[in-house]
Amino acid sequence: MVREILIYPDKRLQILSEEVKAFDATLHTLLDDMYETMIARKGVGLAAIQIGIPQRVLIINLPHDEDGTQPKENTLEVINPLFLVEEGTTTYQEGCLSLPNIYEDVKRFKYVKVEYQDRYGNKQMVESDDFLAIALQHEIEHLNGHVFIENLSFIKRKKFEKEWRKKYKL
Ligand code: CO
């Protein structure tokens with residue numbers, strides 16, 4: 001089921017998401033709904049809090065290079081993630097389904113190694129020094145109640161907030 005995505009500055013995006021303890025049918029439905037919602041909005045990643053569920057759950061599905069498809073079996077389902085290694089720096093232009101049509105350069109670690117649990121509660125490990133590393137950092141930030149524009153410089157952030165208020169008549 002496609003669920004509604006919270007749009008910045010919805011206060012719920014600031015909630016610190018809680019650790020998942022039950023790897024049950026409710027969690028599996030949440031993960032399946034997150035995939036459908038992400039695909040419907042043409043995203044590459046989604047955190048549970050973006051659909052209003054404050055649990056440490058995120059998904060990432062990077063489109064195939066050849067045809068841009070995002071089959072469900074390619075979805076990385078990450079629960080209770082923990083950074084084991086963070087190294088180097090890189091800058092990448094990021095976007096977010098909670099901030100439609102905003103793309104800004106953000107400085108991130110170049111390489112990360114993350115321990116997490118899969119939908120059955122099994123411990124897994126993922127590492128990347130590529131776009132996946134950026135996506136992991138972006139989504140884990142959501143679990144901690146933050147969005148990517150909080151990483152912008154003071155000046156850039158001010159400019160963004162002004163434009164955003166105007167666009168959404170806040
Ligand atoms: Co996001």
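Biologist: Where is histidine 138 found?

Modeller: Histidine 138 is found in helix H2. Before we go on, this is a predicted model, where local features need pLDDT of at least 70 and side-chain atom pairs count only at pLDDT 80 or more, while totals for chains, interfaces and linings use all residues. Residues are numbered from 1 along each chain as its sequence is written, and side-chain values use heavy atoms, with hydrogens and water left out.

Biologist: Why is histidine 138 called buried?

Modeller: Buried means under 20% relative accessible area, exposed over 50%, and partly exposed in between, using a 1.4 Å probe and protein chains only. Histidine 138 has 6% relative accessibility, so it counts as buried.

Biologist: Which residues coordinate the cobalt ion?

Modeller: Cys96 (SG), His138 (NE2) and His142 (NE2) do, at 2.1 to 2.2 Å. Donors are N, O and S atoms within 2.8 Å of the metal (3.2 Å for Na, K and Ca), and because water is not among the atoms, sites may look incomplete. Along the chain, the donors follow the spacing C-x41-H-x3-H. Cysteine 96 lies in strand S4 (residues 90–96) and histidine 142 in H2, so this pair ties together parts 46 residues apart in sequence. Cysteine 96 is buried at 9%, and histidine 142 is buried at 0%.

Biologist: What does the side chain of histidine 138 make a polar contact with?

Modeller: With the side chain of glutamate 94, at 2.8 Å. A polar contact is a pair of N or O atoms within 3.5 Å; within protein, one must be able to donate a hydrogen and the other to accept it, and residues adjacent in sequence count only if both atoms are side-chain atoms. Glutamate 94 also has a bridge partner in S5, glutamate 104.

Biologist: How do you know that S4 and S5 pair?

Modeller: Two strands pair if DSSP finds at least two bridges between them. Six bridges join S4 to S5 (residues 99–108), and the two run antiparallel. A hairpin of two residues joins S4 to S5.

Biologist: What makes a nonpolar core?

Modeller: A nonpolar core is a set of buried Ala, Val, Leu, Ile, Met, Phe, Trp, Tyr and Cys residues joined through side-chain atoms within 4.5 Å. The largest one has 16 residues, of which Ile60, Leu76, Val126 and Leu136 touch the most other members. H2 gives the most to this core, with six residues. A second, separate core of 15 residues includes Val20, Met34, Val57 and Ile79.

Biologist: Why is the pair of tyrosine 8 and phenylalanine 160 called tilted?

Modeller: Rings of Phe, Tyr and Trp (its six-membered ring) pair if their centres lie within 6.5 Å; planes under 30 degrees apart count as stacked, over 60 as edge-to-face and the rest as tilted. Here the centres are 5.8 Å apart and the planes are at 50 degrees, so the pair is tilted. Phenylalanine 160 and tryptophan 164 also form a tilted pair, with 5.4 Å centre to centre and 35 degrees between the planes. Tyr8, Phe160, Trp164 and Tyr168 form one aromatic cluster.

Note on methods
Helix = DSSP H or I, 4+ residues; strand = E, 2+ residues; numbered from the N terminus.
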